[in-house]
Amino acid sequence: MPRVATISFTTHSRHLNYGAVLHGWAFQQVLKGMGCESVVIDYIPMSLTHYHFKWPVLNALRSWRRPLVMGRRVLQWIVSTRANLRKYAKFEEFKSNRLVCTPRTYTEESLVAAPKLEGCDPAVFVCEADVIWKRSATHGLDRGFFLDFPAAQGRRKVAYAPSVGSKPLSPDEERRFAEYVRGFDAVSSRERAGAEWISSLSGRKVSWLLDPTLLLKAADYAALARPSARKGYVLLYSCMKFNANMVREAKRLAKSLGKPLVEVGNFGVNRFIFGHEVIDDAGVEEWLGLFMGADAVVCNSFHGICFSLVFHKPFFAFSRKGSDWRFDNICEAFGLEDRLIAQDGRIPENAREIDYARIDGLLDAHAARARSFIEENVVRPAGEVRHG
């Protein structure tokens, strides 16, 4: 019986997000490697309760108050409708074959109403990474993501590397947030700035720890990946937000390197607008294979940065909008601030080469610290049930 239950965006994410699935898979692999059984709570957070994963064009219609935005989004998803159906099937297959999940799918309402998890009674509950503590991503403080439900009562509660947003909370939200955090046995954050903010608000010691994807090696992902038959290309990963400037800059970089541009993401319409190859139906294994085979990566994604580091790829990461602690922190941690590009910025023509021998040394040190946190706070107490 699984002794650890994790909860995050892993099984349900906006736009069928590759990073969301992979950080949950990676954390489960880390626990398994430490001899600890775990289960992912199959959870649809309140922000996604009415989200259409299989038919995202229906989500686009909600932008009717902004006709131009709605028109662009509807066109995007009409073009990629068949591709998204294929992608949805691949994500469901990954969930069934690669993840150990609860047999029941929960919403915030059903999770709060359930006295215990169906089919298991974990000793430890973990809020696992991603933007689960970022108000704008969860449309409020989601009770599931703070382990505020009956099944977690009297059990050990651990927060492993959740992200918080840089936008301020209301005074009432700050009070609730602090109360939630004080109820955890151990707390960490995925960003240094986030760790400092949580600590100042709650009075708790908060560790800064790596995203779970960075706790595994390239060989771990190579065993999972489906290698691409394409050779010699620049990979553009357009995640969530469309950025025409980023696409143009990626095409300029590819031309300078004498390589074709291959885009992976949800913007199938770009094959007609910009004239390059777009893969909008990739499964998780194919996505990993595309990163493995790329000569360089351009992205607007935190996990795009992570897997560029894992696979030793030269990369440039475009910000999405405004300040983003996630992008800033990971690049600062490894001395790669010059790889961050403003939303409307340009890729430098003579960027310095990334010293991946140095990066690997830093990664190993940070990963060892993260694994010690997991061992001490999750794995060792997993056989104990705390009451009271």
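Tutor: In the second largest pocket, the largest share of the lining, 4 residues, is supplied by helix 10 (residues 244-257); helices are DSSP runs of H or I with at least four residues and strands are runs of E with at least two, both numbered from the N terminus. The model is predicted, so local features need pLDDT of at least 70 and side-chain atom pairs pLDDT 80 or more, whereas totals for chains, interfaces and linings use all residues. Residues are numbered from 1 along each chain as its sequence is written, and side-chain values use heavy atoms, with hydrogens and water left out.

The lining of this pocket comprises 17 residues, and Leu253, Leu257, Phe316, Pro348 and Glu349 are those nearest its centre (on a 1 Å grid over the protein atoms alone, a pocket is an open set of points with protein on both sides within 12 Å along at least five of seven lines, and lining residues have an atom within 4 Å of a point). By class, the lining holds 9 nonpolar, 2 polar and 6 charged residues, where Asp, Glu, Lys and Arg count as charged, Ala, Val, Leu, Ile, Met, Phe, Trp, Tyr, Cys and Pro as nonpolar, and the others as polar. The volume of the second largest pocket is about 280 Å³.

Turning to the sheet, 6 strands with parallel pairing form an open sheet in the order 2-1-5-6-7-8; two strands pair if DSSP finds at least two bridges between them. Strand 2 (38-40) and strand 8 (206-208) each have a single partner, so one side of each edge strand lacks a neighbour in the sheet. Within the sheet, strand 6 (residues 156-160) and strand 7 (residues 186-189) are joined in the parallel sense by 2 bridges, and Ala159 has Val187 of strand 7 as its bridge partner.

Helix 15 (residues 356-379) packs on this sheet, touching strand 1 (4-7), strand 5 (124-128), strand 6, strand 7 and strand 8, contact being heavy atoms within 4.5 Å. Helix 15 also packs against helix 1 (residues 18-33), at an angle of about 75° and with the axes 11 Å apart (axes are lines fitted to C-alpha atoms, for helices over the stretch in contact, with angles from 0 to 180 degrees between N-to-C directions). The two helices are therefore roughly perpendicular, a term for angles of 65 to 115 degrees. Phe27, Val30 and Leu31 of helix 1 meet Arg371, Ile374, Val378 and Val379 of helix 15, a contact with 6 nonpolar, no polar and 1 charged residues.

Note on methods:
On a 1 Å grid over the protein atoms alone, a cavity is a set of points where a 1.4 Å probe fits but cannot get out, and a pocket is an open set with protein on both sides within 12 Å along at least five of seven lines; lining residues have an atom within 4 Å of a point. Grid points are joined across faces, edges and corners, and a volume is the space filled by probe spheres set on the points. Angles under 35 degrees count as roughly parallel, over 145 as roughly antiparallel, 65 to 115 as roughly perpendicular and the rest as oblique.
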